[in-house]
Amino acid sequence: MSTAEAPVGPATVSSALQTGPIGGGLAAAIGVFLSVAAFYAVTLHLAATFFLGDVPSQKAATVGPVPAIVSILLGRWGIESVAFISQELGVLIVVSVTLLTDGLAIARVYGLDRRPTAALTLLHFAFATALGISLANLLGFI
C-alpha cells in the first residue's frame with residue numbers, strides 16, 4: 001500500500017492534531033510561559049485591586065513572570081516522583097516555593113511590609129486557584 005492509499009485512522013489524526021501549527025520545542029515553551037505569566041498577572045491584578053484599591057496593572061505584569069517561571073521549572077516534581085521526593089511532597093514543594101517567590105516579588109514591586117505582602121500573596125493564590133479551577137472545568141467541556 002502506498003502512502004497515497006494509506007488509510008487515515010485515529011492514530012494519524014491524533015498525531016496530526018498534537019503537533020499543531022507551533023510544534024514542540026522552544027516556541028511551545030515560550031507560549032506556555034507567556035500564557036502562565038499572563039494568567040498570574042491577571043489574577044494578581046484582580047487580587048491587588050480588591051486588597052489595595054486602585055493600582056496600576058503594570059505592577060502585576062512585572063510580578064507575573066516570577067511565579068510563572070518558578071512553577072513551570074519546578075512543575076516536574078508535582079507530576080512525577082523525582083529521586084526521594086514523592087508526588088505529594090513534590091506538589092507541596094512547588095506550591096511553597098511558588099508562593100515564596102511570588103511574595104518576594106510582590107513585596108519588592110508593590111513596596112509592602114510583611115503582613116500586607118503575606119495577605120496579598122495568599123489572596124493572589126486564592127484568586128489564581130479559583131480562576132484556574134473554573135477555567136479547567138470550562139475548558140474540560142469544550
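## Close-up views of a predicted helical model

**View 1. Two aromatic pairs are found in the structure.** One of them brings together F50 and F127, whose ring centres are 6.1 Å apart and whose planes meet at 45 degrees, so this pair is called tilted. The label makes sense once you know the cut-offs: planes under 30 degrees apart count as stacked and those over 60 as edge-to-face, so the rest are tilted. Please keep in mind that this is a predicted model.

**View 2. The pair F50 and F127 links two helices.** F50 sits in helix 2 (residues 26-52), while F127 belongs to helix 6 (residues 114-141), so the pair ties together parts that are 77 residues apart in sequence.

**View 3. Six residues, V42, L46, L131, L135, L138 and L139, form a nonpolar surface patch.** The patch covers about 510 Å². Which helix gives the largest share? Helix 6 does, with four residues, and L138 is located in this helix.

View 4. Along the sequence, the pattern reads α-α-α-α-α-α. Of the chain's 142 residues, 24% count as buried. Its accessible surface comes to about 9400 Å², and 70% of that belongs to carbon and sulfur atoms. Among contacts between residues at least 6 apart in sequence, 60% join residues at least 24 apart.

Definitions and conventions: Residues numbered from 1 in each chain as written. Predicted model: local features only at pLDDT ≥ 70, side-chain atom pairs only at ≥ 80, totals over all residues. Heavy atoms only, no water. Phe/Tyr/Trp six-rings, centres within 6.5 Å; stacked < 30°, edge-to-face > 60°. Patch = residues over 30% accessible without salt bridge, like charges linked within 9 Å, V, L, I, M, F, W, Y side chains within 5 Å. Areas by Shrake-Rupley, 256 points an atom, 1.4 Å probe, with all protein chains shown as cover. Salt bridge = Lys/Arg side-chain N within 4 Å of Asp/Glu carboxyl O. Buried < 20%, exposed > 50% of the residue type's maximum accessible area, 1.4 Å probe, protein only. Contact = heavy atoms within 4.5 Å.
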